[in-house]
Amino acid sequence: MTEQLTLVDLPEGGDRGFRPIQYLGNKWRVLDVIERTVERHCAPGSTVCDLFAGSGVVAHRLGRRRTVLAADIQEYSRVLTLALLRPAGVEGTALDDLLDRGTKYYEQIAAGPYGDLIEYEREAVAAALRARPESLCGVIEHGSVFAHAHGAEQTPAELARLLVAAGAALPAEPGTVVSRYYGGVYFSYRQAAMLDGLATAVRELPDHQRHTGLAAVLGTASDLVSTVGNQFAQPIRPRQKDGRPKAAAVAAVARRRGLCGVDLFRAWLPRYGRLTATSAPHVFRRDDYRRVLAQLPADVGMVYADPPYTRDHYSRFYHVLETLAVGDEPMVSTMKVNGVVKLSRGLYRAERHQSPFCIKSEVLPAFEALFGGTAHRGVPIAVSYSAYSSGTAARPQPRLVTIEQIAAVAGRYYRRVLVESAGRVAHSKFNHEAVNGEVNYDAETLIVAHD
């Protein structure tokens with residue numbers, strides 16, 4: 001049986017949640033609805049499983065009242081959720097030592113030829129702010145040290161010389177990945193080197209502080225990135241199709257590249273320090289949702305699931321954060337263009353997770369596995385999904401399944417299925433306003449299934 005319920009115009013007041021990064025589909029606007037749903041259907045005293053924890057804001061809210069099992073396939077999610085539910089202060093002498101180590105590591109990177117790249121970009125930024133954007137366009141399009149070493153084309157001659165020198169001088173190790181891979185493309189060279197320094201210093205913190213420090217690095221990176229929507233789906237395109245620079249867009253990048261990573265990091269750490277840690281024995285897993293469901297502990301009384309909504313794999317939007325969280329030197333995915341194999345323009349991780357919820361041929365079987373897995377364990381489930389389906393000029397079919405299809409799958413495993421509107425919520429769209437469809441304020445829906 002399917003019932004249609006509606007919750008309209010939720011009040012603006014109350015706890016709106018902590019936002020650790022800019023996150024696509026962030027649930028901070030509907031936390032009250034999610035919490036009420038969980039408390040209504042989850043047995044008192046039992047654990048709730050947040051199966052696609054993402055930025056951790058739902059687990060953080062639910063963790064105020066009960067134990068949470070937070071799971072996600074991405075390591076950055078585990079780091080953020082740990083920091084939200086088990087925050088640890090880093091202050092006083094510990095903070096001074098941390099910043100000192102980070103600064104010294106930055107200075108080691110910037111002391112050699114990479115410092116020449118920093119100066120080259122500084123001049124390019126200054127020129128862009130004086131309506132001369134060409135040099136900064138070149139940095140954004142061709143500025144990756146790593147990509148240049150793997151066959152980048154059409155790089156301006158002076159920039160190419162500096163990239164070669166920096167590539168020869170920087171050690172190929174995880175502590176220089178942001179500088180070598182993403183400097184110039186997603187961040188300024190200076191910002192990238194400072195992120196490397198901060199991440200390296202944070203990894204030397206004691207165990208109970210490390211996840212908080214690393215979460216602050218992820219927040220800093222999310223605030224620094226020079227792209228539309230503060231995400232990493234792809235670098236900004238600084239030129240029109242005819243090759244002319246987008247003067248306003250490049251000037252916006254120039255201004256953003258003036259931000260100081262250390263200042264932002266200093267602001268992020270105390271934000272976590274002010275959070276209240278709970279004594280509940282929360283569990284944090286980096287794993288596929290099917291394995292989590294197969295091993296669900298007996299004390300779990302409900303599952304909350306927020307799977308991806310669109311054809312766009314979420315991992316594409318946060319791959320740089322994943323690299324920072326994992327602390328490795330990833331292989332980069334490739335693509336074939338006119339028969340020539342090239343690095344992906346976004347410099348994506350080669351093993352980047354490809355969710356079945358984002359693949360047309362796999363999405364319905366994925367929902368079958370989801371509802372079948374929770375029903376087999378005998379627990380209710382609430383699934384968040386975005387209902388708007390009119391599409392845009394850029395993406396005519398933004399959703400692979402309808403709410404009705406999801407409810408039908410749930411109905412094969414549960415006696416009762418409720419479809420609830422979560423109030424007036426509109427999701428961010430990162431593409432240009434001209435190709436966006438009309439905003440739908442009933443965009444967030446909860447499908448609740450129980451016996």
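# Salt bridges, cores and a helix pair

Arg291 and Asp287 are joined by a salt bridge whose closest N and O atoms lie 2.5 Å apart, a salt bridge being a side-chain nitrogen of Lys or Arg within 4 Å of a carboxyl oxygen of Asp or Glu. This is a predicted model, in which local features need pLDDT of at least 70 and side-chain atom pairs count only at pLDDT 80 or more, while totals for chains, interfaces and linings use all residues. Residues are numbered from 1 along each chain as its sequence is written, and side-chain values use heavy atoms, with hydrogens and water left out.

**Salt bridges**

- Arg291 is partly exposed, with a relative accessible area of 45%, whereas Asp287 counts as buried at 14%; here buried means under 20% relative accessible area, exposed over 50%, and partly exposed in between, using a 1.4 Å probe and protein chains only.
- Salt bridges that share partners bring Asp32, Glu35, Arg61, Arg64 and Arg65 together in one network, and a search of the whole structure finds 24 salt bridges.
- Another salt bridge pairs Arg101 with Glu204, at 2.9 Å between the closest N and O atoms, and this pair links distant parts of the chain, since Arg101 is in helix α4 and Glu204 is in the loop between α10 and α11, 103 residues apart.
- Helices here are DSSP runs (H or I, at least four residues), numbered from the N terminus.

**Nonpolar cores**

- The largest nonpolar core has 81 residues, and those with the most contacts inside it are Tyr114, Leu136 and Phe187; such a core is a set of buried Ala, Val, Leu, Ile, Met, Phe, Trp, Tyr and Cys residues joined through side-chain atoms within 4.5 Å.
- Helix α10 (residues 189-202) gives the most to this core, with nine residues.

- The axes of helix α3 (residues 75-85) and helix α11 (residues 207-224) come within 8 Å and cross at roughly 115°, where axes are lines fitted to C-alpha atoms over the stretch in contact and angles run from 0 to 180 degrees between N-to-C directions.
- Tyr76, Val79, Leu80, Leu82 and Ala83 in α3 meet His211, Thr212, Leu214, Ala215 and Leu218 in α11, contact meaning heavy atoms within 4.5 Å.
- The residues of this contact divide into eight nonpolar, two polar and no charged, with Ala, Val, Leu, Ile, Met, Phe, Trp, Tyr, Cys and Pro counting as nonpolar, Asp, Glu, Lys and Arg as charged, and the others, Gly among them, as polar.

Methods. Helix = DSSP H or I, 4+ residues; strand = E, 2+ residues; numbered from the N terminus.
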